[in-house]
Amino acid sequence: MNIEDIKRSENKVYSRPELLNDSPMHYCPGCSHGVVHKLVAEVIKEMDQENNSIGVAPVGCAVFAYKYIDIDWIEAAHGRAPAVATGAKRLNPNRLVFTYQGDGDLAAIGTAETIHAANRGENIAIIFINNAIYGMTGGQMAPTTLEGQKTATTPYGRRIDLNGYPLKISDLLARLEGTCYVTRQTVHNPASVRKAKAAIRKAFENSLNRKGTSVVEVVSTCSSGWKMTPEKANEWMVENMLPFYPLGDLKNTAE
């Protein structure tokens, strides 16, 4: 190693997570998925679980999650990730098993699978990306879309009398006896990223220690679906989503 290499190594403050594959991500600029993928890769490596993890990928924007993080993956049918993860964990009880799902996948077509897996207390971790919209399929209203929020299918805003109330699925899951840890985080600034990483690690540790179902909701942006720049999307999320989906632990009985 020459002197220039030594200087660079001394000045390095960050490096690419080892488990992130050298594959360009398909996510839109400003999307929260890339940040959360990075955190998942870092936590698994730091826990020395790269050869002991099973991720279950969804249908939605994160359908190609298996391309980006170098661990074992299973691709589930739309909404069925918690059911698939149940089988994987029961057959491999010593493995770290987690799902990675968006709000359409988890809280719409997969509501039943999510609720019943959590109610049974399956020893899995669920990472739930809530951007209040169907991102991959064109920006339609999701169960989590806010009242008054405009989408492709609610061009004048979500109406409670017509479309019902936004679904606070994590609050519902926190009330189930099978869940041991339910938290709501975000990744829009460095402090939030650190908190989200700690939450993901706690959820993964709970899976390994078989303490029940853990849910990490990440309130996120969708610049393309919201028709905003990444900067404006972050501002809109803070001003509109966080008052309705407040951050912090909703349940923690796994200590």
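Q: Buried means under 20% relative accessible area, exposed over 50%, and partly exposed in between (1.4 Å probe, protein chains only). Which of these, buried or exposed, are Trp-226 and Trp-236?
A: The model is predicted: local features need pLDDT of at least 70 and side-chain atom pairs count only at pLDDT 80 or more, while totals for chains, interfaces and linings use all residues. Residues are numbered from 1 along each chain as its sequence is written, and side-chain values use heavy atoms, with hydrogens and water left out. Trp-226 and Trp-236 are both buried.

Q: How many aromatic pairs are there?
A: Rings of Phe, Tyr and Trp (its six-membered ring) pair if their centres lie within 6.5 Å; planes under 30 degrees apart count as stacked, over 60 as edge-to-face and the rest as tilted. Under this rule, the number of aromatic pairs is six.

Q: In which helix does Phe-204, the partner of Phe-98, lie?
A: The rings of Phe-98 and Phe-204 are tilted at 35° between the planes, with 5.0 Å centre to centre. The pair links distant parts of the chain, 106 residues apart: Phe-98 is in strand β3 (residues 96–102) and Phe-204 in residues 190–208, which form helix α8. Helices (H or I, at least four residues) and strands (E, at least two) are DSSP runs, numbered from the N terminus. The helix that holds Phe-204 is α8.

Q: Phe-98 and Phe-204: buried or exposed?
A: Phe-98 and Phe-204 belong, with Trp-73, to one aromatic cluster. Both Phe-98 and Phe-204 are buried.

Q: Which helix holds Trp-236, the partner of Trp-226?
A: Trp-226 and Trp-236 also form a tilted pair, at 4.9 Å centre to centre and 55° between the planes. This pair links distant parts of the chain, 10 residues apart, from Trp-226 in helix α9 (residues 223–226) to Trp-236 in residues 230–244, helix α10.

Q: Over the ring of which residue does the charged end of Lys-202 sit?
A: A charge sits over a ring if NZ of Lys or CZ of Arg is within 6 Å of the ring centre and within 35 degrees of the ring normal. Lys-67 lies over the face of Phe-64, 5.0 Å from the ring centre. For Lys-202, at 5.7 Å from the centre, the ring is that of Tyr-181.

Q: Which strands stand at the edges of the sheet?
A: Two strands pair if DSSP finds at least two bridges between them. The open sheet has seven strands in the order β2-β1-β3-β4-β6-β5-β7, with mixed pairing. The edge strands each have a single partner strand, so one side of each lacks a neighbour in the sheet; they are β2 (72–75) and β7 (248–252).

Q: Which residue in β6 is the bridge partner of Asn-130?
A: β4 (residues 125–130) and β6 (residues 213–219) pair in the parallel sense over six bridges. In β6, Ser-214 is the bridge partner of Ala-125, and that of Asn-130 is Val-219.

Q: How many of the residues of β4 are buried?
A: Ala-125, Ile-127 and Ile-129 are buried on one side of β4, and Ile-126, Phe-128 and Asn-130 on the other. β4 also runs parallel to β3, joined by five bridges, with Thr-99 opposite Ile-126. Of the six residues of β4, the number buried is six.

Q: At about what angle does helix α2 run to β3?
A: Axes are lines fitted to C-alpha atoms, for helices over the stretch in contact, and angles run from 0 to 180 degrees between N-to-C directions. Helix α2 (residues 33–46) lies across β1 (53–57), β3, β4 and β6, and its angle to β3 is about 175°.

Q: How many residues are in the largest nonpolar core?
A: A nonpolar core is a set of buried Ala, Val, Leu, Ile, Met, Phe, Trp, Tyr and Cys residues joined through side-chain atoms within 4.5 Å. Val-36, Val-40, Ile-69, Phe-98, Ile-127, Ile-200 and Phe-204 touch the most other members of the largest core, whose residues number 36.

Q: Which residues are in contact with Pro-17, leaving aside its neighbours within four places in sequence?
A: Pro-17 is placed in the loop between α1 (3–11) and α2, and is buried, with a relative accessible area of 8%. Contact means heavy atoms within 4.5 Å. Leaving aside those neighbours, the contacts of Pro-17 are Lys-38, Ala-41 and Glu-42.
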